[in-house]
Each structure stands twice: as C-alpha cells, then as structure tokens.
Amino acid sequence: MRRTKEEAQKTKEEIVEAAANLFETIGFEMTTMEKIASAAGVTRGAIYWHFKNKGEVLEEIISGVGKRLSDIIDSSMESGNTPLKKLETLIYAVVDNFFDNEDFRRFIKITWYKLSSDEFEKITQKKSVFVQDFLDLMQSLIQEAIEAREIRGDLD
C-alpha cells in the first residue's frame, strides 16, 4: 500500500512517540524494535523504513528537543531588547519550557536515567556541545550587559 508523505510523517511521529514512552518507562536497553512497533501500532518494517535501529529513533527524539531549544534561543536573541532583557527572556523561556513541555522533561529522564553507559557517553558528548554553546551565549550576553552598563562589571 502506497502512503502519502503526510501519512508517512504521521507514522514516523507515532513511532518516535511510542519509542520515547518506552525509553522513559522501561529504558533504552530493554526497549526493542518489536516493542516499539507494538506500542506504535505498526509493523517492524514500518519502523525500519524510517530508522535503521533504535539508536536512530533516540537521535530523532534528541533532534526534536534540540530544535525546540534552538528556536527558544533564536526568538530570545531576535527580540531586539537590551542584552540584559535578552538574557532574562532566554532564562525564563528555558525554565518555562522545562515545566511546560513534557517532551523536554522526558528527554531529561531518558538521557540522564534510562541509557546504558555506552549510549549515555554518545549523548553526553552531543549535550556537552549544546550546553557549552548555551553557556557561551549567556556569558556573551552578560558581557554585553556590562558594556551597556546594564549590570555592574565587578559582580561575581
């Protein structure tokens, strides 16, 4: 049976959602492609059409969260406000996202508590780059706020 692009995308999203739920509840190691297929209501073939393995499904989950966080950063930086206001907007947006977005909380649970050491190492490397970029951005905004005399330069 031939599917439309929209149907294929919907199937992919259902697979990712089912996998995320399983990764969160039983862990990455205990989740099989068969369990993902069953939870998503699709065949294993449908999963393999979109993903080579469950590691690629995990990458898709991480990519979605990363995209959302990048969007938050972009909108905070494009607000046209002062450096201090951008910093404040960014911090509030990230904290709000943590409390309001179930996908983000699930991502934290999966990546911190539900991965084997090998998978955790791979994910940690990717998260470290994002975290460092985020910290660099915050430092840059603080420096800009100091230069704009919005905050004192002698604060620790």
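## The segment after α7

Arg 149 lies in the segment after α7. The model is a predicted one, and in it the phi of Arg 149 is near 60°, a positive value in a residue other than glycine. Most residues other than glycine have a negative phi. With a relative accessible area of 76%, Arg 149 counts as exposed, because the cut-off for that class is over 50%.

## Overall make-up

The protein has seven helices and zero strands. Along the sequence the pattern reads α-α-α-α-α-α-α. Of its 156 residues, 32% count as buried.

The protein exposes about 10100 Å², and carbon and sulfur atoms supply 54% of that area. Among the contacts in the protein with a separation of 6 or more, 60% come from residues 24 or more positions apart.

## The largest nonpolar core

The largest nonpolar core has 32 residues, and the members that touch the most others are Ile 15, Phe 23, Ile 36, Ile 47 and Leu 90. At least two residues of this core come from each of α1 (5–26), α2 (33–40), α4 (54–77), α5 (83–100), α6 (102–113) and α7 (117–147). Helix α4 gives the most, with eight residues. In soluble globular proteins, nonpolar side chains tend to be buried together.

What does Ile 15 touch, leaving aside its neighbours within four places in sequence? Its contacts are Ile 36, Ala 40, Val 42, Ala 46, Ile 47, His 50 and Phe 51. Two of these partners, Ile 36 and Ile 47, are themselves among the core members that touch the most others.

## Helix α2 and its buried side

Four residues of α2 are buried: Met 33, Ile 36, Ala 37 and Ala 40. These residues lie on the same side of α2, because they cover an arc of only 100° around the axis.

The buried residues of α2 pack against α1, α3 (44–50) and α4. Gly 41 follows α2, and its phi is positive, near 75°.

Val 94 lies in helix α5. At 23% relative accessibility, Val 94 counts as partly exposed; the cut-off for buried is under 20%. Leaving aside neighbours within four places in sequence, Val 94 is in contact with Ile 72 and Phe 134. Val 94 and Ile 73 are 21 residues apart in sequence, and their C-alpha atoms are 8.5 Å apart in space.

A nonpolar patch on the surface is formed by Ile 91, Val 95, Phe 98 and Phe 99, which together have about 350 Å² of accessible area. Phe 98 also has its place in helix α5, and with a relative accessibility of 33% it counts as partly exposed.

Lys 85 and Glu 88 are separated by about one helical turn, because they are three residues apart in helix α5. Lys 85 is partly exposed at 37% relative accessibility, and Glu 88 is partly exposed with a relative accessible area of 36%.

Another salt bridge links Arg 106 with Asp 103, where the closest N and O atoms are 2.6 Å apart. Arg 106 and Asp 103 both lie in helix α6, three residues apart, about one turn of the helix. Is Arg 106 buried or exposed? At 5% relative accessibility, Arg 106 counts as buried, whereas Asp 103 is partly exposed, with a relative accessible area of 40%. Arg 106 and Asp 103 also belong to a network of salt bridges that includes Glu 17.

Technical notes
Residues numbered from 1 in each chain as written. Predicted model: local features only at pLDDT ≥ 70, side-chain atom pairs only at ≥ 80, totals over all residues. Heavy atoms only, no water. Core = buried A, V, L, I, M, F, W, Y, C linked by side-chain atoms within 4.5 Å. Buried < 20%, exposed > 50% of the residue type's maximum accessible area, 1.4 Å probe, protein only. Contact = heavy atoms within 4.5 Å. Arc of directions from axis to C-beta. Areas by Shrake-Rupley, 256 points an atom, 1.4 Å probe, with all protein chains shown as cover. Patch = residues over 30% accessible without salt bridge, like charges linked within 9 Å, V, L, I, M, F, W, Y side chains within 5 Å. Salt bridge = Lys/Arg side-chain N within 4 Å of Asp/Glu carboxyl O.
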